[in-house]
Amino acid sequence: MNRRKRKCCIAFWGGILFAAALSGCGVGEQDKTIVLPPLENQVMDSEKFRLDHIQQYVGSGYAENVICLTWGDPGTDLLYLLKKEDGGYVYQVIDTREDTVLSSIFVDDRSLANVSIAPGGGYLSYEVRDGEEMNLIVLCPSQGSRQILHRWQDQEENFSYIWSDDGTMLFSWQNGDTGDTYKEWQVTRYEMETDPEDGFGYMVVSFQMKGNGHTWRSVCPNADGTEIYVREQLSTFGSTMSYNWLLLPDTVTVEALPEYSKMPACPIRYTQAGLFVQEESGDIYLIEDIRSQPVKTKLISGNEGTYDPFAYVCANGDHMFLMEWVNYSMYQISGVRIADGKVDGHPVALYNDNYESLNQIMIVSDQAVVFWGEEFLENHEYRYKVTVLRY
Amino acid sequence: MHRKKRSFFHSILFRISLWILLPGIAGMLLVAYFVGIQMQYQIEKQITEEMQRVRDNSLLYVQQTLLLEDSRMNAVSFKLYKNEIEKQLNNAGYREVLLCSPEGTLLAGDAKDFELRKEQEDFIRAREQESAFLVRYGNGGQCEVYFSMPVNLNGQFIGIISSFFDYGELYRGQSDTIQRMVWITVAVFTLICLIIWFTVYRILLPIRRLSQAASEISSHLADGRQGSMILNKLRLLGRKDEIGELCSNYREMLQVTEEQFQKIRDDKDRILTLWSSRQEFYNNVTHELKTPLTTISGYAQLMEKNGPGDEELFYIGTGHILKESTRLHRMVVQLLELQDKANTEDARRLNLSEIVENVTETMKIKANRYDNELTLKGTKECLPVVGKEDKIRQVLINVIDNAIKYGEPGKPIHIQLTRKDGQVQVTVSNQGQGIRKDELETIFEPFYRADKGLSREMGSSGLGLSIAARIMEEHQGHIKAASIPGKETIFTICFPTVDQNE
């Protein structure tokens, strides 16, 4: 018994001494090499989505003077932009290869708001105050003429605008976050017609929408503007009330659509493949057959609302681009193909850059992602920089 | 017995301190060590994740640089646009960037850095088309990371990128946090140890006091003084916890011990007294037996010497021999009576008045011989007692006989029966020289004689009162004497009363 007790004591104090010795060693000076796992899946995914070319153009002049811009059709390398100069706003067409201004048109010397350039640069829409009224004006730069599309009392309503992919139709609607949400509102399609002889005209189709008190209003026309998906929703106290419609301007009919989401959902794009939406959780879904029985397919998982990716979908609905913040100063654009209503592999990183270079992203002609921002030069100037990712 | 001095190293306090403090310190050291290991693991895990992102980003930077230059993704382009790639990587925050060919020759970057890094394992791994990083921990919280990766684009190994990242701030930050945690733990542990130490000290304090008290008490045991009062000084008896209970039990134990000690002392005294009485008794017996035997023997020898012719001696001698042998016989009988164990099983109810009256009547003859008069009072009432009549008669005869023999001739002897204090008393009083006060206590002892010469002359054996006292003791009564020397002596015989109806 005594021997056993002695052994236990020796083991105990030995353990203590060992612990003390062990802790005395510490980390100290040492080198350690760690090998990273191979990049097998990523290599396979990158094979599925490749960029053909990256083009960058850094324009002259200060970045803060550029109000908005758009890239021309593929192959033209033309840049259309509205910039503010000393005398007022000027609309310019720039050949980026030669770095020359092809044309420059004076737009207005008043303060402009809600400026939007149609894809292809054929039209420029903007709001301007005229006395007590606000005017929605569309400028046709090729003819140098302009039309007032709409007048309304200032402070009554705020409008949002979006151009169709072909750049000939402008869609407008009243925002729900201002004014009386129970008041009737309109979704309007302005179809531009330009004839070298008859000049510049337009056709209007307007839908009268009932005010349901819902704040969030989304309007997504399809690529050719023949169908307009509209969603109105209100999320209060954990419950979501929403309405979905499909407006058909050609026949001036309105179809009520069945609901597809139990959560607040933000429509991204209405395409031939279906409706792309991002729910509050950040998950991105494709809704097919929205007119009959919606089929909901999850494409990308979000981050529960924290640093969710911003999604951009091409008109055909077969390419999706995601903009994510890598850290507080870097962003990354990745892309993924969509086939048969599903994502084909994981998103592939396409481009990384500093946050200054990203003000706006747009998809041009289903072949390029264009985004522009600022570039800080060594002479302490900020210039606007346009980056084109061709795929 | 002296108190043993206890060593601190053998105390419970020391052992508890040892068993808590040392394992606690060892535990803290171990925890600190393993937390350090865990911290290192977490940092390496974090660096690994970041290096994976660096690898992805690096490939992306090379790819977008080559795409911007509208170049093909091959080793030649990598070499051709090395400066643009290096600039892109530097803009992205990379430090000490080295661009190398797949064969490991330097394309861009500092040659000194290259010489230092080309033998590092991460660079060697990169040449084998594996991405790896080397973490270098230094004293003073340095944590340097050298990352090397192969550039594989479109399935081609087109070059190597190596760069440096400083994680010292992260490492030091986490080290500081752990150090603070360890110090806080040490402080909390020290506080807990102090509280435990103090608590144990407080718990053990009464036990130590009890131990001291026991030690002091044991030192007094030899003197026969237990000193249970020492316990009262400890101020522990009021406690209601286990210590108080222990102390209370300990005090009770001491009290029992004290009582037992007292009993042993009394028994010892009694035994000594008994031994002394016995010795005296035997001395008296031998002396009393030797005296008549000497007389008998002396006269027998003288008669043998003178022969039958000495008629006068014959008569005187036979008279003495007869007298002494009678006395000897009576003494032996009385000694047997004294030793005889009383048998009160056949005791019966008796009327004491009748017995006293009868005995008085019998003793009147002897009283007349001594010119004394016996007066009797109190016999009209029936006074029942339980006992053996012959024994009671013997007591009365002995006491009255003594009163006659030692009373002054011509003076009356009063015998009186009374019922007093629940007892039946017979008092026998005479007038004479009396008994001294210091002798009153010893007159009931065997062979005691107040006046030895007179007593022996009167044929007394010195056993009468002893036998009377013994008989009264057997009858649950007692006998006592009171005397005024030169005046009066009163013997009182007390019997327990018996209910008239019993």
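Visitor: How many bridges join strand S4 (residues 78-85) of chain A to strand S5 (residues 88-95) of chain A?
Guide: A word of orientation: this is a predicted model, where local features need pLDDT of at least 70 and side-chain atom pairs count only at pLDDT 80 or more, while totals for chains, interfaces and linings use all residues. Residues are numbered from 1 along each chain as its sequence is written, and chains are lettered from A and ligands numbered from 1 in the order in which they are written. Strands (E, at least two residues) and helices (H or I, at least four) are DSSP runs numbered from the N terminus, and two strands pair if DSSP finds at least two bridges between them. S4(A) and S5(A) run antiparallel, and the number of bridges joining them is eight.

Visitor: Which residue in S5(A) does A:Tyr80 stand opposite?
Guide: S4(A) covers residues 78-85 and S5(A) covers residues 88-95. Opposite A:Tyr80, S5(A) places A:Val93.

Visitor: Which residue takes a positive phi in the hairpin of S5(A) and S6(A)?
Guide: Seven bridges link S5(A) and S6(A) in the antiparallel sense, and A:Gln92 faces A:Ser104 in S6(A). The hairpin has four residues between the strands. The residue with a positive phi, near 60 degrees, is A:Asp99.

Visitor: Which element supplies the largest share of the side of chain A that touches chain B?
Guide: Counting residues as in contact if their C-beta atoms, placed from the backbone, lie within 7 Å, 22 residues of chain A meet 35 residues of chain B. On the chain A side, helix H1 (2-25) and strands S1 (30-35), S2 (53-62) and S26 (342-354) each supply at least two residues. The largest share, six residues, belongs to S1(A).

Visitor: Are H8(B) and H9(B) roughly parallel or roughly antiparallel to each other?
Guide: Axes are lines fitted to C-alpha atoms, for helices over the stretch in contact, and angles run from 0 to 180 degrees between N-to-C directions. Helices H8 (residues 242-306) and H9 (residues 311-339) of chain B pack at about 155 degrees with axes 9 Å apart. Angles under 35 degrees count as roughly parallel, over 145 as roughly antiparallel, 65 to 115 as roughly perpendicular and the rest as oblique. The two helices are therefore roughly antiparallel.

Visitor: Is the crossing of H1(B) and H3(B) left-handed or right-handed?
Guide: The axes of H1 (residues 12-68) and H3 (residues 82-91) of chain B come within 9 Å and cross at roughly 135 degrees, and the helices are therefore oblique to each other. A crossing is left-handed if the near helix is turned anticlockwise from the far one by less than a right angle, and right-handed if clockwise. This crossing is right-handed.

Visitor: Which residues of H3(B) make the contact with H1(B)?
Guide: H1(B) contributes B:Ser58, B:Tyr61, B:Val62 and B:Thr65. H3(B) contributes B:Glu84, B:Ile85, B:Gln88 and B:Leu89.

Visitor: Which residue in S9(B) is the bridge partner of B:Thr375?
Guide: An open sheet of five strands in chain B has the order S7-S9-S10-S12-S11 and mixed pairing. Its edge strands are S7 (373-377) and S11 (478-484) of chain B. S7(B) pairs with S9 (residues 412-420) of chain B in the parallel sense over five bridges. The partner of B:Thr375 is B:His414.

Technical notes. Contact = placed C-beta atoms within 7 Å.
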